[in-house]
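Keep the 3D view open as you read.

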Amino acid sequence: MARYGMVIDLNTCIGCNACTMACKAEHATPKGIFWAKVLEKEVGKFPAARRIFLPVLCNHCKNPICQEVCPTGATYKRQDGIVLIDYDMCIGCRSCMEACPYGPRAFYESDGAYYPGERTAYEKSQQDFSEGVVMKCNFCVERVDQGLDPACVVTCVTECRVFGDLEDPQSEVSRLVADKKARPLLPEKGLEPSVFYVGS
Amino acid sequence: MAARIDEFLIGVKPQREWGWLVISYLFLGGAGAGLFLISLYIDHAWAGLLGISVLVLGTLLLFLDLGRPERFWRAFFRPWSSWISRGCFFITLMVLFGALQIAPGLGFLWENGSALGSVIKAVSVAAAVLVMIYTGFVLSPSPAIPFWNSALFPVIFFVYSLLAGIDILILASPFLPGAPLDLVSLERLQIYLALACLLLVLSHLSVMSSSAVAARESIRLLTRGRWGLLFLGGVIVAGLVVPLALSWAVLWKSQAQAVFAFTVILALLRLFGDYLFRFLVIRVGLYDPLL
Amino acid sequence: MIAPGEKEDVWIHSICDMCYAACGILAHRKDGVLVKIEGDPDCPASEGHLCAKGQAALIGLYDPSRVKAPLRRTNPQKGIGVDPKWEEISWETALDILTDKLTKLREKDPRGLLVSNFDHTASTYFIGGAWAVAFGTPNHHWTGYYCGNYLHSSMYLTNGSFHSDFDLDYCNYVILLGNQQGFMGGLNANVSARKMAEARKRGMRVVVVDPIGTNAAAKADEWVPIRPGTDGAFILSLINVLVNELKCYDREFLTHRTNAAYLVREDGSYLKEGRDGKPLVWDLKSQGAVPFDQADIETALEGSFVAGGEKCQTAFQTIREHVKGYTPEQVAPITTIPADTIRRIAKEFGEAARIGSTIVIDGKVLPYRPVAVNIYRGAGAHKHGTHTALSVQMLNMVVGAFYVPGGHRGINLVGPSGAWMPGQTAEGLITPPAAIGRAARYYDFEDKRPEGMELHELFPVSTNRSSMNQLNLQDPKMFGLPYTIDVLMVCRRNLMMNNVNPAIMAETIKKVPFVVTFSTHLDEVAELADLVLPEALSLERLDFFPNTLTHTMSPATGQFYWGLRQPIVAPRGQARRWIDVLFEIADRMGFLGELYGLLNVKWGMKEPYKLDPAKHYTMEELYDRWTKSLFGPERGLEWFKENGYHKVPRAVEEKYPGPFIKPRFPIYFENMLRAKKSVAKVAAQIGREWDTGDYQVLPEWKPCPAYKDGTPPYDLYVVNFKIPFHSLSITTQNPWLNDLSEHNPYAYKILINTETGGRKGIKDGEEIWVESVAGKVKGQAKLTECIHPEVVGIAGVFGSWAKGKPVAKGKGVHFNSLLPISLERVDPVSTGVDSCIRVKVSRAA
Ligand SMILES: Nc1nc2c(c(=O)[nH]1)N[C@H]1C(S)=C(S)[C@@H](COP(=O)(O)OP(=O)(O)OC[C@H]3O[C@@H](n4cnc5c(=O)[nH]c(N)nc54)[C@H](O)[C@@H]3O)O[C@H]1N2
Ligand SMILES: Nc1nc2c(c(=O)[nH]1)N[C@H]1C(S)=C(S)[C@@H](COP(=O)(O)OP(=O)(O)OC[C@H]3O[C@@H](n4cnc5c(=O)[nH]c(N)nc54)[C@H](O)[C@@H]3O)O[C@H]1N2
Ligand code: SF4
Ligand code: SF4
Ligand code: SF4
Ligand code: SF4
Ligand code: SF4
Ligand SMILES: [Mo]
């Protein structure tokens, strides 16, 4: 069985946020909610200062604590490692948000339309969630199931995001994880993320 | 829209999901269960009823906090992994068995003292204890928020719940039907419990002060930062140290008949400290920086 | 277009219009609703990737605040924030009003029409120009405060093309001087970002010289913070170190491919063979001066000589002496860049150039100079910006990194299959191919009284004198033009947001009796208009080739290509394409035939596709004819709709024309002497004192006016920079990009160095005022280590105030409100408006 994962090259990422917007466009996420984000940080003092970009998304952990704490079973892990939320089951208790150290989840409380008034025809046709639930990156399962790469990967202008099967030693992600000492975020939390980073 | 915008920055981030509804539940749920437990100890059915009512009120708030309250029943579906799911059972058990347990005392249903009665009592006691501690397990196993990631929480919550339960009892005592309460012995109990709280809280802080970045920041917020005054002044001094000292001074030595007004003031102080403690614990929940 | 409710699921080829990079997109339409936009993998500009703006274009299509019908002003009072009291009218009425105005104007004096539009729609833009010519006005190029004034002029002059670019395929060391090429800014942003990433993985070093720690600086191997407006000194110092200290220069290239060996007299002019003959060089074999192109000579690159009894020296000798005034020690206190850093960068640059090395590409042996210094908007947007840009070009030439693998290059100097080639002056110097050069006259000047609003004759070396429109409108008597502007027509140009000083701009626009705008939104300009015509959004439009080979198609795209912007959904409400409306006006006014005639020439229409001036064509028919005329009968409009792109690979000679063409590149600007004389004559004709001091054979660093006003209270410089997820003002009304910007730590903020802020008692996140002599703006302070301590940074073109742009309104900070405009504050050669200004900051408390 596959275990899907992603490797992001931080040396190459330029912080352009194309991924952020591609994810939004792919999933019509509500106002204020981003499944993909690019976080920033400054290191060093002027003039030896530098900004660092860190693209983040759900890590689709091997040990997803979000699933463990979820009281309804709304959060579940597929055979291929993709961690998903069943929006019809979620009760919006947000314990998954509290439990995950990575912050990819968002509670869609209400009023997520981007323009005042009614939702646009696009939002109506693309949103498969309702208010009052928690949502997060779904590894573009709708694309992956068709054999496509996730939206953020496809659009990434520097091609610094690679998606693939971590279980397949021939895949590019596996090779990157093997050769380049790719590491996940906060490995000490023990969740075994499937998203890895190379470079800095 | 004046909602706080979470900037896309790498750094220590506060949890923002759990607010006053959850905090109030933690407080009321624990206190209600604690009160119920004490009611068994002092064998006072009306006190037991009060305890159950407080728990139900707290649970109602928790229910209101859900994004989709009408689907609450789904929360019972994962007891083998989720402490929240387990909590749902604990609450249900406590309410059901507690009701059965106190029914005879209120003149309903069945005769006390049967074998079934012991089972009911045992289950309700167990359920009450679990209600008091499970919220600690909701917080503690999560590696996300280091300040919460401590085995002490279930214990702290247990002791604080008892403390609060008794305080509510003290406050309610004039209105409670049934046998009059022995406020002095209750107040004595509070001295031990408050002392235990103080020791537990301080040891939690000392353990956390050598923990992850976010935990240290939580401690900073509690002791020197934004919440310093409320924590040190409110939780520690007003909520624990002052009642302890006064209680000690007045009750321990002199066998004097406690004045109701005196215990009321102490109870209010402790309840204030207890609520504040739950509030601050939740508010200073911080995530570690991702890089 | 399908009827709503009908079932379908299609992906349509089209082209993004969120910036002029014109990336190919595939638009996913489901049951009549656009549900996703993705990069078109077949498009050489996007290669299947889209930036944040391109992705976000989708939601903009659904904006309820779009203009849906023609509107007429009923409130005669005009001003910022004054409600025009719009009245909805029919297109018929609107066009009647407009044609009536235009017909009267055309009878009176057609020059009284001023058209202002911008080139995102590329070839469509050029139709606008042809339309204006057919109408009879020379005034159709008001692009205001603009990136290109100094840039395009300097590039036309030195590399014969419209733009500055460099070869990311081979470059190993690049200095980005105040620009973010390769980091989602500049030319063909997407493919350039991809190639930049590749190049950096390959080990290319990137040195970013910028007062602000931009996204480019974040990824650079070295960020060199510089004091604004001092880049000229820095570059001249690098040249000095290279040619005088390290003796590192490409002798071969300089001698044979530039005018560096030309002999110049003491007054700076060429020593020529007779009065109008060819410039001479010194032949070491015969020890005498001979025409530069004489065969079998051994040309001296350096030295002073006596020829024909006159003292002379090579241009290169002059250059070497000229740059001696720019030692790193002298330049360090000007730029704030330490002398060792300057010296080290010069050394690294020189070494990386591998002078003398060659590379074989497609069987051709070519010089290999994998270095470049690139300039675009930031470093040059200053008074004397032309000098800065010319210094940059000199540096590229000194190491021979000019149109060869790895080095600097312009945009498509040579057309597909040699469709166009650069020209050559009598002096052997390059001139832009006719297809590229717009009114570029660098070597012969007409000393006549200016007639157009842009005053071309007063700025003969500039290709875009747009800021002069503003000055002329402000004070019509200033240059004594024989007419005034009666009608201003604006399309896709935000003269209020993107120009400097909106307060003055509003007064200026108010002076024009009739203002018509083609608008998608009631933006800041529409607020001052008399008539607003609803314009279709790009996703609803058919546009002629959006990326023009001659102007904005970076060779990084690998192939020459032609693509189509086709509508994905029908225009909202009564919106129409502005260019369609122009054709209709021409028809109503009776000059459609003339317009067709001009287009026949402009597009080089071949039989049988030539337009018949007696006929009418729809936009689709025009397009169809043009594409067939270009590529043959099988490549009509339908073919493009189906297939997306017509592509032609670039041959080596087209990618790296340097070694293959004859004309030389000027590194010594003798023509400036002639320009100077011409300008003086023109100025005398209009009776004005004129500063011709910047017409010099060699660039110098001169301080902007702001450089010396460093006295309190105006103790800091303010600098503007672009961010990867916004383009100019057009993206600010996009709610997704706004959402992102609100979460971004920098976009909507005022950046101040932590220490500087601390000194002024400013805390992070606090509201502050930034104030210059021209205006003041308020915003949230962001204390950062990533900015020069003397600088305040404000991103983008934010701070909209138009009610018709509710998403953008009040978001971020409007930089341009801080800039003044006056003749003293424009670059005297190119008219570029100086964006160097001192400010003070204070807590808004
Ligand atoms: N502060 C600041 N000012 C700048 C710059 C900067 O970086 N910062 N950059 C400068 C540069 S480099 C340039 S090139 C200029 C560019 O200046 P402009 O060409 O004025 O730039 P835009 O912001 O693209 O303005 C486009 C206007 O067209 C409208 N619009 C968008 N799409 C359409 C459409 O499909 N049809 C029609 N009819 N209208 C449309 C928008 O609402 C907007 O008002 O600005 C210059 N000014
Ligand atoms: N994402 C995005 N891409 C764009 C555009 C956009 O708006 N957004 N606009 C397009 C257009 S119209 C243009 S013209 C190009 C412009 O492309 P660039 O020239 O790459 O754009 P800017 O970011 O404006 O670059 C200016 C830089 O110069 C710096 N700077 C300012 N003053 C000085 C100075 O005195 N010296 C030095 N060394 N640096 C200085 C600024 O801090 C800023 O980082 O980008 C095009 N592409
Ligand atoms: S990153 Fe968080 S939300 Fe995602 S799978 Fe891991 S634990 Fe769950
Ligand atoms: S919010 Fe939804 S997904 Fe998260 S734990 Fe609760 S029920 Fe599960
Ligand atoms: S994988 Fe898909 S859902 Fe996840 S961040 Fe990328 S685009 Fe969004
Ligand atoms: S699209 Fe790629 S380069 Fe841009 S921010 Fe996202 S990961 Fe980084
Ligand atoms: S670079 Fe420009 S044209 Fe390309 S996707 Fe981005 S906004 Fe659109
Ligand atoms: Mo520009």
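## A helix packed between two chains

In this predicted model, the buried residues of α22(C) pack against helices from two chains: α1 (18-27) and α4 (121-126) of chain A, and α1 (52-60) of chain C. Helix α22 covers residues 735-743 of chain C, and eight of its nine residues are buried, so the rest of the structure largely encloses it. You can look for the buried residues by name: Pro735(C), Trp736(C), Leu737(C), Asn738(C), Asp739(C), Leu740(C), Ser741(C) and His743(C).

## Two buried valines

Val157(A) sits in the loop that joins α6 (151-155) to β8 (161-165) of chain A. Is Val157(A) buried or exposed? Its relative accessible area is 1%, and because anything under 20% counts as buried, Val157(A) is a buried residue. Leaving out residues up to four places away in sequence, Val157(A) touches residues of chain A, namely Ile14(A), Cys16(A) and Ala18(A), and residues of chain C, including His49(C), Leu50(C), Cys51(C) and Met184(C).

Val581(C) belongs to helix α16 (residues 578-589) of chain C, and it counts as buried because its relative accessibility is 0%. Which residues does Val581(C) touch, not counting those up to four places away in sequence? They are Trp91(C), Leu95(C), Phe518(C) and Arg576(C). Phe518(C) lies 63 residues from Val581(C) along the chain, and their C-alpha atoms are separated by 9.6 Å.

In soluble globular proteins, nonpolar side chains tend to be buried together. Here, the largest nonpolar core holds 331 residues, and the members that touch the most others are Leu102(C), Trp131(C), Phe234(C), Leu458(C) and Met489(C). Helix α7 (residues 231-245) of chain C gives the largest share of this core, with nine residues. A second, separate core has 84 residues, among them Leu183(B), Val201(B), Ala215(B) and Ile219(B).

Apart from neighbours within four places in sequence, Leu102(C) is in contact with Leu113(C), Trp131(C), Phe135(C), Val487(C), Met489(C), Ile585(C) and Met589(C).

## Around ligand 3

How many residues surround ligand 3? There are 14, and the closest are Cys58(A), Cys61(A), Cys66(A), Cys100(A) and Arg105(A). Sorted by class, this shell has ten nonpolar, two polar and two charged residues.

## Chain A as a whole

Chain A contains seven helices and nine strands. Its radius of gyration is 17 Å, close to the 16 Å that the globule rule gives for 200 residues, so chain A is as compact as a globular protein of that length. Its C-alpha trace spans about 45 × 45 × 30 Å along the principal axes.

Of the 200 residues in chain A, 68% are buried. The chain exposes about 6900 Å², and carbon and sulfur atoms supply 49% of that area. Among contacts in chain A with a separation of 6 or more, 63% involve residues 24 or more positions apart.

## Chain B as a whole

Chain B has nine helices and two strands, and along the sequence they follow the pattern β-α-α-α-α-α-α-α-α-α-β. With a radius of gyration of 20 Å, close to the 19 Å that the globule rule gives for 291 residues, chain B is as compact as a globular protein of that length.

Buried residues make up 54% of chain B.

## Chain C as a whole

Chain C has 23 helices and 32 strands. For its 845 residues, a compact globule would have a radius of gyration near 28 Å, and the 26 Å of chain C agrees with this. Its C-alpha atoms fill a box of roughly 80 × 70 × 60 Å along the principal axes.

In chain C, 69% of the residues count as buried. The accessible surface of chain C comes to about 26400 Å², and 52% of it belongs to carbon and sulfur atoms.

Definitions and conventions:
Residues are numbered from 1 along each chain as its sequence is written. Chains are lettered from A and ligands numbered from 1 in the order in which they are written. Side-chain values use heavy atoms; hydrogens and water are left out. A residue is near a molecule or strand if one of its heavy atoms lies within 4 Å of it. Ala, Val, Leu, Ile, Met, Phe, Trp, Tyr, Cys and Pro count as nonpolar, Asp, Glu, Lys and Arg as charged, and the others, Gly among them, as polar. Helices (H or I, at least four residues) and strands (E, at least two) are DSSP runs, numbered from the N terminus. The radius of gyration is taken over C-alpha atoms; the globule rule is 2.2 Å times the number of residues to the power 0.38. Buried means under 20% relative accessible area, exposed over 50%, partly exposed in between (1.4 Å probe, protein chains only). Contact means heavy atoms within 4.5 Å. Accessible areas come from the Shrake-Rupley method with a 1.4 Å probe; for residues, only the protein chains shown count as cover. A nonpolar core is a set of buried Ala, Val, Leu, Ile, Met, Phe, Trp, Tyr and Cys residues joined through side-chain atoms within 4.5 Å.
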